[in-house]
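Here is a short briefing on one protein model. Keep the 3D view open and find each part as you read.

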Amino acid sequence: MAEHIEKGKLAEELAKDWLISKGYEFLDANYRYKHAEIDLIFKYRGLLIFVEVKFRSGTGYGFAEEFVDYTKRKLIVKAADQYIHEKDWHQDIRFDIVGVYKDKNNNYNFRQFEDAFY
């Protein structure tokens, strides 16, 4: 498996555990609909939350939220619409981005952008 894919999977697992530790209820990972994928799906305080996880080994090239472009957001929303339909969800939703950052001491830090787009 390519190194960037392995880092991405690790980042998703770390983000999942971090959000669970904050009280989020994990529902699904890597939900796919056609060409779209949602990294993580949670319930939290009555909301259905779709999470895009981005790994960064520093901020020299920018923060995680800067790497979720219009096309990616559109695909995530399309997949979320399908998920909502499948689960017959009738409450509010939210789209978050979680940046997973590895510092020079090999520690992982997290930055969550709630309600990042729609």
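Two strands pair if DSSP finds at least two bridges between them. With that in mind, this predicted model holds an open sheet of five strands, in the order 1-2-3-4-5, with mixed pairing. Strand 1 and strand 5 (108–113) are the edge strands, as each pairs on one side only. Neighbouring strands of the sheet are turned by 30° against each other on average, direction ignored. Helix 2 (residues 70–87) packs on this sheet.

**How the strands pair**

- Strand 1 covers residues 25–33 and strand 2 covers residues 36–44. These two strands run antiparallel, and seven bridges join them.
- Across this pairing, Tyr33 stands opposite Ala36 in strand 2.
- Strand 1 and strand 2 form a hairpin with two residues between the strands.
- Strand 3 (residues 47–56) and strand 4 (residues 93–102) run parallel. Nine bridges join them.
- Lys54 stands opposite Gly99 in strand 4.

**Helix 2 on the sheet**

- Which strands does helix 2 touch? The helix touches strand 1, strand 2, strand 3 and strand 4.
- The direction of helix 2 makes about 115° with that of strand 1.
- Helix 2 has 18 residues. From first C-alpha to last, the helix reaches 26 Å, close to the 26 Å expected at 1.5 Å a residue.
- The buried residues of helix 2 are Ile76, Val77, Ala79, Ala80, Gln82, Tyr83 and Ile84.
- The cover over these buried residues includes strand 1, strand 2, strand 3 and strand 4.

**Aromatic pairs**

- A pair of aromatic rings is described by the distance of the centres and the angle of the planes.
- Rings count as a pair if their centres lie within 6.5 Å. By this rule, the model has eight aromatic pairs.
- Tyr24 and Tyr44 form a stacked pair, 3.9 Å centre to centre with 5° between the planes.
- This pair links distant parts of the chain, with the two residues 20 residues apart. Tyr24 is in the loop between helix 1 (3–21) and strand 1, while Tyr44 is in strand 2.
- Are Tyr24 and Tyr44 buried or exposed? Tyr24 is buried because its relative accessible area is 4%, under the 20% cut-off. Tyr44 also counts as buried, at 16%.
- Phe50 and Tyr83 form an edge-to-face pair, 5.9 Å centre to centre with 90° between the planes.
- That pair also links distant parts of the chain: Phe50 in strand 3 and Tyr83 in helix 2, 33 residues apart.
- Phe50 is buried, with a relative accessible area of 1%. Tyr83 counts as buried too, at 4%.
- Ring pairs also build a cluster of Tyr31, Phe50, Tyr83, Phe95 and Phe117.

**Charges over rings**

- The charged end of Lys16 sits over the ring of Phe26, 4.4 Å from its centre.
- Lys16 lies in helix 1. Is this lysine buried or exposed? Lys16 is buried because its relative accessible area is 18%, and buried means under 20%.
- Leaving aside neighbours within four places in sequence, Lys16 is in contact with Phe26, Leu40 and Phe42.
- Arg56 lies over the face of Phe67, at 4.0 Å from the ring centre.

**Positive phi angles**

- Most residues other than glycine have a negative phi. Look for the exceptions below.
- In the hairpin of strand 1 and strand 2, Lys34 takes a positive phi near 55°.
- Asn30 is not a glycine, yet has a positive phi of about 55°. Asn30 is in strand 1. This asparagine is partly exposed, with a relative accessible area of 27%.
- Arg45 is not a glycine either, and has a positive phi of about 50°. Where is Arg45? Arg45 is in the loop between strand 2 and strand 3.
- Arg45 counts as exposed because its relative accessibility is 73%, and exposed means over 50%.
- Just after helix 2, Asp88 takes a positive phi of about 55°.

Definitions and conventions:
Residues are numbered from 1 along each chain as its sequence is written. This is a predicted model: local features need pLDDT of at least 70, side-chain atom pairs count only at pLDDT 80 or more; totals for chains, interfaces and linings use all residues. Side-chain values use heavy atoms; hydrogens and water are left out. Helices (H or I, at least four residues) and strands (E, at least two) are DSSP runs, numbered from the N terminus. Axes are lines fitted to C-alpha atoms, for helices over the stretch in contact, and angles run from 0 to 180 degrees between N-to-C directions. Contact means heavy atoms within 4.5 Å. Rings of Phe, Tyr and Trp (its six-membered ring) pair if their centres lie within 6.5 Å; planes under 30 degrees apart count as stacked, over 60 as edge-to-face and the rest as tilted. Buried means under 20% relative accessible area, exposed over 50%, partly exposed in between (1.4 Å probe, protein chains only). A charge sits over a ring if NZ of Lys or CZ of Arg is within 6 Å of the ring centre and within 35 degrees of the ring normal. The expected span of a helix is 1.5 Å times one less than its number of residues.
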